[in-house]
Structure formats: structure tokens, C-alpha cells
Amino acid sequence: MILFENPQAFFFLFSIPLLYILRHLGIFSRISFPLTISDWDGKTFVYRDNFTKIASIVTHFLANAAYVSLVLALANPIIRHQEKIYTSRGTDILFVLDISPSMAARDISLSSGQLTRLEAAKLGIRTLATAEKGASYGLVAMASEAACIVPPTNDIEAFLKRLDSLNVGEFGEGSAIGMGLSTAVYHLSSSSAPKKCIVLITDGENNAGSLHPETAATIAGENGITVYTFGIGTKGTVPIEYIDLKSGRIHSGFYESDFDTAPLEEIARIAGGSYFGIESTTSLSEALSLVSQKEDSVQTFHYRSNDTDCYSNFLFLSLILFFASWLIKRLFLSEVL
């Protein structure tokens, strides 16, 4: 929103049409000395340089624009942004994201092409985190090992920066779903948030770690933590390509995708959540939006105004326009002023 702290300055704009009216009436006319150049009984000299005429029109336009910009500067324009400041805690949402090599499979449909499963998951999480304000977001990365790399935080910029830095194979191969869930439960169990939930995004079954996923889901339910499971990816033969972070070798080819969704459905049922099958960015966005609605909590807030002063910008623009007008007059029209 653009506001002016000194709107009375706009009265100076009336001086422009007033000056032209007075000149038209013969008042405040330019000082000129008529000079006739012609032969005896010949035709009077007529100057027909179109470029000069155009340059003269441009100088008048620039001068008027510079004056308008100066008036705007005197009006002291500011750009005001309204920022919502929450004074109570919202929902804690902790994502458990599978980053095993199979998440490099490129089979998630997008309007402009195909994304890998990890790219689609990152895109969906980013969209939710930037759209829904007030909640705290955290991130657990999971493969053969699991670790909480971002505890629940309101610092969305830091959360998204760490999310973007994740790569497939960073935590080894395999899917230790039980370890990922238990790590998330550990970081949420002591939280004072009114609502707490875990969003598990994976494309496989539990085949690593020492803790069974259903045990972790039971512990989550006992601590008032809801678990939503997302089975991402299509079934069948899908293309895959990723870089082995240890050896630096590129692995590419085809991957036979055929994971059982029943364990993920059971995990969600035990912890009071829901299971979602994800095969496109659209279905992912819809599922995340539904989770956000279900886990929404009432928060108190107030608005804070952040003002950006634009006075110097318009003043600088005015100086540039005046200088450009003078430069054209001096160099092309050979006028002193």
C-alpha cells in the first residue's frame, strides 16, 4: 500500500496547467526577439528540422516529469506492509522425509514435465510452509539412518534452506521408517504446541533400523501426536538417476517400483491420521492442504506496519530527469537554459 505523509504537496501540480493557461492568455510568455531572414521580396526562411522539433518536445516532457517527480518526493511517499505477528503458538508439523536413492525415481507428474519423488516432496513442503503462516515446521531426514536436521521452528527461511540442501543417498540406502518416526516423536513429545503431527513422505517399506514403525506410531499416539503417511510414486518400471555421494559415480537406469501401501495405512490408523497415495504434484498439494486444515489451531495475533520511505527515490528520479532535459537542450538544441 502506497501512502503519502504530506499530501498537501500535490497542490503544486496545479501550477503546470496554470502556467500553460497563463501563457496562452499572453501572460508569462517567453521572452523572444523576432528575426526575419529573407531575400528582398523573397520567401521568409522556415526552419524544418523534424529532429529538433522532436527534441524540443522531449525536453518539455522530461522537465514536466521531473517536476511531477519532485512534487511526489515532497509528498513523502511510503510503502506500508502489514505483517501478521502471532502472539500464541500454533501447530507443530514435523516432516519425516525419505531421501533413499529410490526417491530419485522420476515419475511424479507436473504440468511442465516429470519430477523426481524428492523434488516433488520438496516442492509440496515449500508451498505449504510459505502459504500457511503461524505453524512451526521441522524436518527429519531418513534413509538407512534418521536424524532431525531442523527442529520445529517459525524461521521458515532457515527451514526451507535446509530442505533444499537435502540430496538422495545422503543418509545411506534403505528406509528406516521406524527410526524416522521415533526421532520425530522424540522432538515433538515435549512440545507445548496445541496440536502436533508428523507427515511421513516415503516411497518404500521399512527395511532398515531397529525399531518397528508400528511401535513408533503407537508411541506417537500415546503422546497426542497424529501421523499422516504419504506413499509417493507410481508402480511399475520408472526411470531413475542419481549421484552416489561417496564415490561420485552417476547411477542411471530403470527402477522397478512396487511397494506395499498396507504398512503405511496401518501406521496412519494407529496414530489417528490418514494415508495418501501421491502420484502427482496436484495430489500432493491437495493432501498437504487437507492435513493443514485438519491440524489448524486457533491463534491470537496482531498486525505490525513496516514502512519503506520512497522520498529519496523520487528525488533522485527528479534530478535525473531535469539533467536529461538540460543535456538535450544544451547539446542538441544549443540552448543555454
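Among contacts in the protein chain (heavy atoms within 4.5 Å) between residues at least 6 apart in sequence, 78% join residues at least 24 apart. The model is a predicted one, in which local features need pLDDT of at least 70 and side-chain atom pairs count only at pLDDT 80 or more, while totals for chains, interfaces and linings use all residues. Residues are numbered from 1 along each chain as its sequence is written, and side-chain values use heavy atoms, with hydrogens and water left out. The secondary structure of the protein chain comprises 9 helices and 13 strands, taken as DSSP runs (H or I of at least four residues for helices, E of at least two for strands) and numbered from the N terminus. Of the 337 residues, 38% count as buried, where buried means under 20% relative accessible area, exposed over 50%, and partly exposed in between (1.4 Å probe, protein chains only).

When residues up to four places away in sequence are not counted, the contacts of isoleucine 201 include Phe95, Leu97, Ile125 and Phe230. Leucine 284, located in helix α8 (residues 281–294), is buried at 2% relative accessibility; with the sequence neighbours up to four places away again left out, leucine 284 touches Ala120, Ala121, Gly124, Phe230 and Ile278.

The structure also holds 7 aromatic pairs, defined for rings of Phe, Tyr and Trp (its six-membered ring) whose centres lie within 6.5 Å, with planes under 30 degrees apart counted as stacked, over 60 as edge-to-face and the rest as tilted. Phenylalanine 95 and tyrosine 137 form a stacked pair, at 6.3 Å centre to centre and 15° between the planes. Since phenylalanine 95 lies in strand β3 (residues 92–98) and tyrosine 137 in strand β6 (residues 136–142), this pair ties together parts that are 42 residues apart in sequence. Both residues are buried, and ring pairs link Phe95, Tyr137 and Phe159 into a cluster.

A search of the whole structure finds 6 salt bridges, each a side-chain nitrogen of Lys or Arg within 4 Å of a carboxyl oxygen of Asp or Glu. In one of them, aspartate 203 is joined to arginine 117, with the closest N and O atoms 2.8 Å apart. Aspartate 203 lies in the loop between β8 (196–202) and α6 (213–222) and arginine 117 in helix α3, so that the pair ties together parts that are 86 residues apart in sequence. Aspartate 203 is buried at 2% relative accessibility, and arginine 117 is buried at 0%; Asp107, Arg117 and Asp203 are linked in a network of salt bridges. Arginine 106 forms a salt bridge with glutamate 119, the closest N and O atoms being 3.6 Å apart, and here arginine 106 is partly exposed at 37% relative accessible area, as is glutamate 119 at 35%. Glutamate 266 and arginine 269 meet in a salt bridge of 2.6 Å, N to O, both lying in helix α7 (residues 262–270), 3 residues apart, about one turn of the helix. Within this pair, glutamate 266 is partly exposed at 24% relative accessibility, whereas arginine 269 is exposed at 56%.
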